Amino acid sequence: MSKAENKSPYQIAQEQFDLAAEFMGLEDDLRCILRVPKRELTVNFPVRMDDGSVQAFTGYRVQHNVTRGPGKGGIRYHQNVSLDEVRALAMWMTWKCAVVNIPFGGAKGGVVVDPTKLSLRELENLTRRFATEISPLIGQDGDIPAPDVNTNAQIMAWLMDTISMHTGHLESAITTGKPLGLGGSLGRSDATGRGVSFCVAQAAKFLNMDLKDAPTVVQGFGNVGSVSARMLHDLGCRIIAVGDVYGSIYNPKGIDPHALVQHMKKTRTVMDYPDCEPVPNEDLLEIKCDVLVPAALEEQITAENAPRIRPKILAEGANGPTTPEADKILFENNVFVIPDILCNAGGVTVSYFEWVQDLQSFFWDESEINHRLKLVMDSSFQAVNERAQAHKIPLRLAANILAIERVAEATRLRGIYP
Ligand code: NAD
């Protein structure tokens with residue numbers, strides 16, 4: 001829930017939808033279909049802990065829309081997961097898959113758990129039981145999970161193995177973001193951050209801005225944040241500040257994200273990295289910079305702090321980092337916001353490539369994957385930006401309109417059953 005605006009992520013996702021539906025004059029029938037999730041499953045389930053006790057957990061799998069293809073979306077393990085958060089994330093997945101025009105619908109899952117408090121064995125038990133509980137929805141043609149906050153390739157391997165045990169044969173295409181040895185795709189682990197860097201490069205070109213030495217701030221140093229930081233550094237950006245859940249660090253001369261990744265492997269946090277001063281997390285996003293990448297959680301940029309956030313490019317690595325009120329302020333202040341459903345779509349795009357490779361049991365080399373990813377990201381950026389400039393509207397609204405048009409068209413063509 002955004003403290004500043006008192007809205008849940010789901011209310012925000014619906015508000016963004018309403019804005020686009022209104023702008024494009026979408027029919028009422030389609031508004032009532034597309035505004036809410038198609039299926040929601042809540043599961044309460046027990047897990048045997050290492051000390052022999054049993055603990056109860058709650059999890060969710062929500063399919064927002066499956067008109068254009070199987071539900072697609074990550075699974076999040078976090079103590080603050082709620083049904084409303086999962087609904088919002090599922091809805092954003094529908095628009096994300098449509099904006100990059102891949103044949104998937106939108107879904108998302110989550111378990112209310114702080115996984116840092118579990119042993120590896122408990123994490124495996126929880127994952128296998130959760131996979132079993134949501135298995136009625138999961139399948140290569142129905143719903144395909146992937147990693148999200150606090151989940152990774154190992155968790156996807158356990159999930160895939162559990163479903164395969166139920167069917168009695170290998171079901172490699174039921175999840176993406178798997179380890180390479182199990183049908184994972186080359187390039188998948190870097191794909192989201194790589195896509196962020198492609199979008200930033202396109203935005204800089206459009207704005208006539210030189211990325212060489214451009215001061216850059218990244219919030220979150222997990223999968224998306226660390227890869228975005230590395231790729232932006234490799235494009236010439238100067239990473240001056242980085243933060244994670246434990247705190248933030250600042251060095252105006254620049255932080256080498258490749259070396260920071262090595263530091264993280266030892267300490268599990270960015271804190272105490274040499275030659276940096278600590279910064280409170282609340283101040284990180286307000287540090288003066290040219291490129292800002294929020295890559296942690298939702299509702300970080302609100303009406304409260306948006307007036308003090310003035311990068312030239314705001315590239316949303318995270319899902320839902322900006323509230324609608326903040327969006328208005330950023331637009332008035334000429335901040336070029338690359339919206340989440342476009343900016344972080346590199347991950348789901350390579351997940352699509354992984355699914356295609358698994359279905360065919362035919363694997364591509366990494367240069368082909370990165371090349372195809374660039375084609376998808378660059379053309380999607382161009383399509384969204386052209387629409388935004390033509391109507392003088394924010395890129396988020398343009399991206400939502402483009403995505404809703406595609407899902408609405410598929411819905412009209414399929415018709416209402418029966
Ligand atoms: P992750 O678990 O790998 O990393 C999350 C990072 O955010 C960690 O560094 C963590 O310390 C930090 N963090 C958490 N809470 C924070 C807080 N309150 N303040 C500052 N930092 C905080 O997760 P990820 O996969 O990198 O996902 C990050 C975001 O990107 C999420 O919004 C996710 O939905 C989105 N996303 C992920 C992918 C993907 O492929 N993994 C794809 C698209 C979008």
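Trainee: How many salt bridges does the count come to?

Mentor: The count comes to 29 salt bridges, in a model that is predicted.

Trainee: What makes E133 and R129 a salt bridge?

Mentor: Their side chains meet at 2.8 Å, N to O, and the rule asks for a side-chain nitrogen of Lys or Arg within 4 Å of a carboxyl oxygen of Asp or Glu. The pair therefore qualifies. E133 and R129 are four residues apart in helix α4 (residues 120-134), so about one helical turn separates them.

Trainee: Why is D290 called buried, and what is K312 called?

Mentor: Buried means under 20% relative accessible area. D290 has 17% relative accessibility, so D290 counts as buried. K312 has a relative accessible area of 43%, and is therefore partly exposed. D290 and K312 form a salt bridge, with the closest N and O atoms 3.7 Å apart. That pair links distant parts of the chain, 22 residues apart.

Trainee: Why are R396 and D327 called buried?

Mentor: R396 is at 8% relative accessibility and D327 at 17%; the cut-off is under 20%, so R396 and D327 count as buried. Their side chains meet in a salt bridge of 2.6 Å, N to O. R396 lies in helix α14 (residues 395-414) and D327 in helix α10 (residues 324-332), 69 residues apart.

Technical notes
Residues numbered from 1 in each chain as written. Predicted model: local features only at pLDDT ≥ 70, side-chain atom pairs only at ≥ 80, totals over all residues. Heavy atoms only, no water. Helix = DSSP H or I, 4+ residues; strand = E, 2+ residues; numbered from the N terminus. Buried < 20%, exposed > 50% of the residue type's maximum accessible area, 1.4 Å probe, protein only.
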